[in-house]
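Hi,

Here is the model I promised to pass on.

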Amino acid sequence: MKYQNFISDRTKFYKIPKPLQLELGGTLNHGEIAYRTWGTLNTKGDNAVLICHGFSANADADIWWSELFGKGKTFDPSQDFIVSSNILGSCYGSTGAASINPETGKAYGASFPAITIRDMVRSQYTLMQGLNISQWKLVIGGSLGGMQTLEWALLYPELVKAIAVISASGRHSPWSIALGEIQRQAIYADPLWHNGNYSDDLPPNQGLAIARMIATCAYYSRPDFEQRFPREQNQVHNFAIADYLHAEGQKLVQRFDANAYISLTKAMDTHDLGRERGNYQETLAKIHQPTLIVSNSADLLYYPEEQQELAHWISNAELVELDSIHGHDAFLIDQENLNSTLISLSSAELTSVS
């Protein structure tokens with residue numbers, strides 16, 4: 001696989017034993033889930049914790065959430081069996097557009113079927129079965145991972161004891177959909193896009209880099225940019241923030257696939273807990289697990305009002321604020337702060353069944 005260098009050598013692979021029926025129609029045959037584990041599963045199979053990752057992350061949660069791992073921390077392998085799986089549709093080991101389709105011998109590319117957040121969770125459920133896990137002690141995730149976490153609580157309520165939702169919403173807002181559409185249009189405008197039928201040798205890197213630059217502006221906040229980037233221009237008359245955005249774009253094109261980017265942004269657009277379940281607020285009220293909602297007042301992607309709405313309608317929810325200027329990505333930057341926030345709640349509050 002082209003992106004193998006970005007997959008830990010400790011990653012394992014689980015072959016989904018039967019065709020996965022997709023929510024928007026179609027079937028994914030020969031699906032595979034890349035995953036990592038830490039700790040030991042107990043004999044009851046109920047000390048498991050599931051970490052759901054964000055948009056461009058992978059199963060290596062101990063790398064991108066390193067400060068949350070360790071004895072006495074949120075993820076304690078001496079106590080729990082911790083699982084992190086790469087999401088369906090990504091390009092880091094789980095089946096996605098960059099994967100080889102066994103039926104053709106070529107990458108799926110633009111032919112990879114449309115997926116939803118629920119499809120991601122259903123694929124994780126097959127992994128849960130394969131690992132002989134009887135119940136999740138906790139499902140936790142930030143951003144796109146928070147969307148998966150909420151779906152776990154509704155799709156498999158009897159299998160989830162508690163959830164923690166960080167910097168996420170219960171449905172993708174028109175604002176977030178608009179940002180995703182602009183990013184996709186940047187990719188589509190690349191002369192090398194070819195309706196997604198580009199070659200590995202000539203990928204639409206310019207469009208993908210611009211898409212990442214747009215996204216980066218929503219991942220942080222104005223105070224964050226003001227603190228980190230001076231207005232002085234360098235020798236080629238570029239502002240520091242402009243250089244930073246270009247660097248972020250170039251870093252992504254080295255490690256991510258444009259078709260996967262399209263697939264995942266479209267999947268996020270479908271996110272709506274009330275879809276085909278009825279009234280949105282009434283659907284939230286059906287979530288019975290003890291729920292921690294983590295918000296950030298500087299989040300420009302999923303505004304605090306969205307987390308406040310979750311906390312209002314989910315009956316057994318507690319809302320806490322992650323005090324940070326870093327915006328949406330604070331849950332990846334202020335890890336020590338986040339860890340303190342999570343472990344400050346007693347184990348009984350997080351894992352007892354209401």
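A quick definition before the surface: patches are made of residues with over 30% relative accessible area and no salt bridge, where like charges are joined within 9 Å and nonpolar side chains (Val, Leu, Ile, Met, Phe, Trp, Tyr) within 5 Å. Accessible areas come from Shrake-Rupley with a 1.4 Å probe, and for residues only the protein chains shown count as cover. Bear in mind that this is a predicted model, so local features need pLDDT of at least 70 and side-chain atom pairs count only at pLDDT 80 or more, while totals for chains, interfaces and linings use all residues. Residues are numbered from 1 along each chain as its sequence is written, and side-chain values use heavy atoms, with hydrogens and water left out.

**Surface patch**

W175, L300 and Y303 make up a nonpolar patch on the surface, and together they have about 270 Å² of accessible area. Y303 sits in the loop between β11 (291-295) and α10 (304-313); helices (H or I, at least four residues) and strands (E, at least two) are DSSP runs, numbered from the N terminus. With a relative accessible area of 34%, Y303 is partly exposed. On that scale buried means under 20%, exposed over 50%, and partly exposed in between (1.4 Å probe, protein chains only).

**Inside**

A nonpolar core here is a set of buried Ala, Val, Leu, Ile, Met, Phe, Trp, Tyr and Cys residues joined through side-chain atoms within 4.5 Å. The largest one has 81 residues, and M120, W136, W152, F256 and Y261 touch the most other members. Leaving aside residues up to four places away in sequence, F256 touches Y3, F55, S56, S90, C91, Y92, L208, Y261 and L264, contact being heavy atoms within 4.5 Å.

T126, in helix α2 (residues 117-130), is buried at 11% relative accessibility. T126 touches Y14 and I16, again not counting residues up to four places away.

**Salt bridges**

Searching the whole structure gives 15 salt bridges, each a side-chain nitrogen of Lys or Arg within 4 Å of a carboxyl oxygen of Asp or Glu. E23 pairs with R118, with the closest N and O atoms 3.2 Å apart. That pair links distant parts of the chain: E23 is in the loop between β2 (20-21) and β3 (27-28), R118 is in helix α2, and they are 95 residues apart. E23 is partly exposed at 23%, whereas R118 is buried at 5%.

R118 also meets E151 in a salt bridge (2.9 Å, N to O). E151 lies in helix α3 (residues 144-155) and R118 in helix α2, so this pair ties together parts 33 residues apart in sequence. E151 is buried, at 1% relative accessibility.

Then there is R228 with D224, at 2.7 Å, N to O. These two are separated by about one helical turn because they are four residues apart in helix α6 (residues 222-228). R228 is partly exposed at 33%, while D224 is buried at 0%. Salt bridges that share partners also join E23, R118, E151, R275 and R277 into one network.

**Annotation**

An unreviewed UniProt entry has "domain: AB hydrolase-1" covering residues 47-331; UniProt positions are in the numbering used here, feature names are shortened, and annotations may be inferred rather than shown by experiment. Over residues 47-331 the chain is 40% helix and 12% strand, and the end C-alpha atoms are 24 Å apart.

Cheers
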